[in-house]
Amino acid sequence: MDQQLTIGFVGFGEAGSHIAKGLKSAGVTRIFAFDINPDQVRRRSREIAVPLVESNRELAESARILFSTVTCARAKEAAEQTAPFLKPHHIYADLNSVSPALKQQIEQIIVSSGAGFVEAAVMSPIPPFAQRSPMLLGGKAAPAFTELMAPFGMRLEVISEKVGMAAATKMFRSIIVKGLEALMLECVLAASPYGADERVFSSLSESFPGIDWQKLANYMVSRVVIHGERRAREMEEVAETLHSLGIDPIMAEAAARRQDWCARLGVSSRFGPDGPSTYHEALEAIAACTESQD
């Protein structure tokens, strides 16, 4: 493996830091990061020994492969701020959960600099898989990116030379995943005051055998509590894409509203990075936040 491979992260939140940690454990020794809020990420950069640089320019000068792991709202801005410093030897991989149309806009920004572009759709939660999270890739630079990164444990599948298909796969999968999260939260919110939740899950197990519904509720509600704001923004991207296809995004918009509702309550501030261990803990925190706002 190429020990001289240099990698930079544009944005060093949960996704970027976990991938960086995984790559370091797999043998990549030269990793750098830039974040517009350095004070918020300094602790995690120290913990995994990834130096923070002070600008997009310095990041591009330090690394050949750049991973964009910002929020979906800042994905295009991050590309615009980085592109002026890219050269033909760079590969810019956008891992953000944005629409196919926005991925294509970002591609144009990057390739105009002469650099290679890769769209990456992350198809699982990044923790606990880190760099081993399965990713679908698109773009002309995807094969070169795969050749460089697969030896370090990245699970990469190139599905198209054209940008957009990978993002579409991730986006329309989210209708199910994030929609189910929103449904699960709404279900336990209503069922728990009546003590009906266990019987609801028991009945679901008869209708859909092989699924531990209570365990799934614990996991999904925790994800909404910790990541509700990001998930709401992603579902808004889904809704916009459905609109562009002439499809009324009834379910996507509803899922976004429920995810956003939880985020606006501020429930995540009552837990650490792993969130509540059970949906009962989440419901107690939701009740406390609701009372404090009354």
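## Rings, helices and burial in a predicted model

R258 lies over the face of W261, and the distance to the ring centre is 4.8 Å. This arrangement, like every other feature described below, is taken from a predicted model.

**Aromatic pairs**

The count of aromatic pairs comes to five. One of them joins F9 and F12, whose ring centres are 6.0 Å apart and whose planes stand at 65° to each other. This pair is edge-to-face because planes over 60 degrees apart are classed in that way. Ring pairs also link F9 and F12 with F67 and F145, and these four residues form a cluster. F9 is buried, with a relative accessible area of 0%. F12 is likewise buried, and its relative accessible area is 0%.

**The contact of helix 8 with helix 12**

Helix 8 covers residues 165-191, and helix 12 covers residues 279-293. Their axes come within 11 Å and cross at roughly 75°. Helix 8 is therefore roughly perpendicular to helix 12, since angles of 65 to 115 degrees fall in that class. On the side of helix 8, the contact is made by L185, V188 and L189. Helix 12 contributes Y279, L283 and I286. By residue class, the contact consists of six nonpolar residues, with no polar and no charged ones.

Is M184 buried or exposed? M184 is buried, with a relative accessible area of 3%. When neighbours within four places in sequence are left aside, the residues in contact with M184 are F201, W213, L216, A217, M220 and V221. V224 lies 40 residues from M184 along the chain, and the C-alpha atoms of these two residues are separated by 9.7 Å.

**F208 in a loop**

F208 is found in the loop between helix 9 (197-207) and helix 10 (213-244). Its relative accessible area is 47%, so F208 is classed as partly exposed. F208 and L156 are 52 residues apart in sequence, and the distance between their C-alpha atoms is 31 Å.

**Accessibility in summary**

The table below collects the accessibility values of the residues discussed above.

| Residue | Relative accessible area | Class |
|---|---|---|
| F9 | 0% | buried |
| F12 | 0% | buried |
| M184 | 3% | buried |
| F208 | 47% | partly exposed |

The classes follow from the cut-offs, because buried means under 20% relative accessible area, exposed means over 50%, and partly exposed covers the values in between.

Key. Residues numbered from 1 in each chain as written. Predicted model: local features only at pLDDT ≥ 70, side-chain atom pairs only at ≥ 80, totals over all residues. Heavy atoms only, no water. Axes fitted to C-alpha atoms, helices over the stretch in contact; angles between N-to-C directions. Helix = DSSP H or I, 4+ residues; strand = E, 2+ residues; numbered from the N terminus. Parallel < 35°, antiparallel > 145°, perpendicular 65-115°, else oblique. Contact = heavy atoms within 4.5 Å. Nonpolar A, V, L, I, M, F, W, Y, C, P; charged D, E, K, R; others polar. Phe/Tyr/Trp six-rings, centres within 6.5 Å; stacked < 30°, edge-to-face > 60°. Buried < 20%, exposed > 50% of the residue type's maximum accessible area, 1.4 Å probe, protein only. Lys NZ or Arg CZ within 6 Å of the ring centre and 35° of its normal.
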